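User: I would like a close look at a single part of this structure. Please keep the explanation plain.

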Amino acid sequence: MNFEIVTTDILDLEHVAELTNLLGQHIEETSGYADDYWPLSVVMVVPGTDDVMAGLHAGTKYGQLHVLALYVHENLRGRGVGRRLMHGAEEEARRRSCTGAWLDTFSPDALKFYERLDYSVFGVIDDFPPGQKRFFLKKKLALE
């Protein structure tokens, strides 16, 4: 069989979709678990507009909530907005029968924030980004 390996910085969405599908099939065949990814967003907008002031982007898969991004406009920080967004995502994850959550950050302030929400560090990568650490955190979610 002849093949060629191509390295590029151009994102080919068809290739991404095909690879994702093939990997999902492999995981289902070897583990018995079907890929059940379901996106999840919790967003705070200015009433009457589409202006986002804070938001959380996540997804659920294999019974876990994975928080990909959390942003709160600097004028709203320290007012409990991030906590409300995280609780909203965790509530929806529980409705989806998730028993855990995980995320990562390299911000020392964010690390403290997540630890106050009962997340605990389970892994660290040094110098990612250079001179800093990337922390991976997890939390058990009790089904209600």
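Is Asp127 buried or exposed?

Analyst: This is a predicted model, in which local features need pLDDT of at least 70, side-chain atom pairs count only at pLDDT 80 or more, and totals for chains, interfaces and linings use all residues. Residues are numbered from 1 along each chain as its sequence is written, and side-chain values use heavy atoms, with hydrogens and water left out.

Asp127 is exposed, because its relative accessible area is 53%; buried means under 20%, exposed over 50%, and partly exposed in between, with a 1.4 Å probe and protein chains only. Asp127 sits in the loop between S5 and S6. Strands are DSSP runs of E with at least two residues, helices are runs of H or I with at least four, and both are numbered from the N terminus. The backbone of Asp127 has a phi near 60 degrees, which is a positive value in a residue other than glycine.

Pro129 is also placed in the loop between strand S5 (120-126) and strand S6 (133-140). The peptide bond that joins Phe128 and Pro129 is cis, with omega at about 0 degrees.

Ser97 lies between helix H2 (81-95) and strand S4 (100-105). Ser97 has a phi near 65 degrees, again a positive value in a residue other than glycine. With 47% relative accessibility, Ser97 counts as partly exposed, whereas Asp127 counts as exposed.
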